[in-house]
Every structure is written in C-alpha cells, then in structure tokens.
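Hi everyone, thanks for making time. I'd like to walk you through one model today, so let's bring it up.

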Amino acid sequence: MKLAVIPGDGIGREVIPAALSVLDAFGLGIEKIPLDIGYGKWERTGSAITNEDMDIISECDCVLFGAITTPPDPNYKSVLMRLRKELDLYANIRPFVPLKSIRLPCDTKEFDFVIVRENTEGMYSGVEELHEDVAYTTRVITRAGSERIAERACILAKSRKKHITIVHKANVLKSCSFFRDVCIGSAQRNGISHREMLMDAMAYDLILHPERYDVIVTTNLFGDILSDVAAAIAGGLGLCPSANIGERYALFEPIHGSAPDIAGKGIANPIAAILSVKMMLEWGGWVEEANSITKAVNSVLCDRITTPDLGGSYSTTDVSAAIAKLI
Ligand code: IPM
Ligand code: MG
C-alpha cells in the first residue's frame, strides 16, 4: 500500500508523526510519501497544494492527513475540500464510542454511533456567488450523491443494528425532503429500518440521549456540525478520528483542526490521529492490527498517560510512545 502523508499545519505536524510511530510499530511495509501541503506553504509560495501534489496523491492508495489551517479569506481554497472533491471521497465516516476512563459530559457511557456524512455536495457544492450587497451559496443535493451515501449508511447498518437515523430539515428545505426520500428508498431496498430527525432536534437529543443512535446519515454541513457536537459527547475533539472514503481512494484524518493556539508546544493529543490510523488499517484489511490500536489506546488511557486536554501532563510523544510500546 502506498500512503500519502500530509501533516499540514499547526498540531497536524505533531500528531501525524506521533501516529506514524504507532503505525511503524506494526512493520507492515506501507510505503509512505511525505507531502508538504497547507496554509504554511500558501504563505510561502502562494499555493497550498499544487497540481503536481495532486498527481502524487492520486498515485497513492490513501492519505493520512493532519490538519490544515483555513483562513476566512475568499481567495484561499480549502485543501481538504479539494482533496475530497477531486478524489471523490463521498463518505465521511465518523465513529463515536466512549474510550476508557474518559470523563464524559453526559450521564451515559453506553453509546456507540457513527455519523455518515455526505462529503462532496450540499452546502459545500462550491457553487457560490459573491456580489457587493449579496452573497449566494447553492446547496446542491443530487440523486446520485444522496443514493451513494444512503447505500454506504445501509451497508454499515447491516453490520450493526440494521437501523439508520436520517437527519434533515425537510420541514423547511426542499433539498432536504429530496435527500430524505432517497435515503428512505435506500433503507427500504436494503431491509434496514429507519427513523427521521430534524437537524435541530437531533443536536438536542444527541446530547441528552446518545445511546439512542446507531448509524446516522446526513448531508454535508449538518454532518460537519453534528460531528463536532458528537465529539464533545465522546470526550473531546482530541479523541475522534474520521475516514473520508470513495470508490478508489480514502483519506484518514482526526476531526480536529490545526489548533494554532497550542501548536508547537508538544501537548496536542495524538489519539484522534492514532485512531485515524486505526481506521486506515481497517480499510486496508488489517483488522487485527486495527483492533490492537484500540486496545493499546484504552490501556494507555487507563494508565492515565494523557495530554493536558484530558487532565494529564504528558506530551504528544509520551502518549504515542506508550501506545507504540504496547503494540
Ligand atoms: C471537518 C472540517 C472541515 C469541514 C473544514 C476544515 C473544511 O471542519 O472536516 O469537519 O468543514 O468539513
Ligand atoms: Mg468540522
């Protein structure tokens, strides 16, 4: 397997080497292609990612991605969005399971749900107009785009509780009723039961009753927002991984951003990036290795070897070294 490695900016440059040290502990012979891509490069060269970078990436099987700073500058195009679009990584899979000895904000520890977020269209269609006195973003929801994400959710549901929750805002948005109808059709064809939730009610209920949910399927922006809510429920952004999956390629990344406020201090939590490596191994068929990462992470958490976000005083590399040692 050929892996493009994009640490990116900020803490991405700390958590990705830490996660790679865990990957290296398996000795799987994965070929790593390091790439300098991101906002730092944009400041230096005027381009965050070049066409040559894209060519190199498309010759790899998958990408391990740290985080890239996206300034609110209309001239700056998000690298992650470009990668998702050009590699057609249409499914953003974000699992939320409580890890051992993590203090959670809600009473229950009995949840285990996955957000399946459409990743290439919706509010992120890129169809935008900026005028003097008005700005437009077109929310594009296609049948093909909705069908393939709904199918993904149903395939996942078949290996779990055979149930999906469709999250939308069909009470006000026609594009949402369209998405909902496609998802229901897909659930029925696949023999999967479903429930619908309005996005606002969902945010509320997920915080109070995360144990009620299993596979959650939704559109791009709703999935973005809901997964940050879910990360808070699961104990923090420093713990939550994600997989961006297409037919041909995949990209694995922690949900968190580049966190410029703590960058360079060596205190970023590497667990989200390490669990992203776990998702990559699962995707590549190394299921046993993937499971051993979860075990090692839980064991290190139980030993309270944690970074300051979890109340500990260990560094990024202390945590990753402890996990790598167990492997
Ligand atoms: C995420 C991030 C991205 C998104 C940003 C960095 C473009 O928030 O992966 O959740 O909005 O999708
Ligand atoms: Mg987000």
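**The cavity and the ligand site**

The lining of the largest cavity has three nonpolar residues, three polar and one charged, where Ala, Val, Leu, Ile, Met, Phe, Trp, Tyr, Cys and Pro count as nonpolar, Asp, Glu, Lys and Arg as charged, and the others, Gly among them, as polar. This is a predicted model, where local features need pLDDT of at least 70, side-chain atom pairs count only at pLDDT 80 or more, and totals for chains, interfaces and linings use all residues. Residues are numbered from 1 along each chain as its sequence is written, chains are lettered from A and ligands numbered from 1 in the order in which they are written, and side-chain values use heavy atoms, with hydrogens and water left out.

Which residues line the largest cavity? They are Gly 122, Met 123, Arg 139, Thr 219, Asn 220, Leu 221 and Phe 222 (lining means an atom within 4 Å of a point on a 1 Å grid over the protein atoms alone; in a cavity a 1.4 Å probe fits but cannot get out).

Now to the ligand. Around ligand 1 we find Ser 78, Arg 84, Arg 94, Arg 117, Tyr 124, Asp 224 and Glu 253, each with a heavy atom within 4 Å of it. That shell comprises five charged residues, one polar and one nonpolar. Because domain 1 (1-90 + 235-327) and domain 2 (104-234) both give residues to the shell, ligand 1 lies between them; the bounds come from an automatic or database domain assignment.

For polar contacts (pairs of N or O atoms within 3.5 Å), a polar side-chain atom of Arg 84 is 2.7 Å from a ligand 1 oxygen.

How values were computed: Polar contact = N/O pair within 3.5 Å; in protein donor to acceptor, adjacent residues only side chain to side chain. 1 Å grid on protein atoms, 1.4 Å probe; cavity = no way out; pocket = protein on both sides within 12 Å on 5 of 7 lines; lining within 4 Å.
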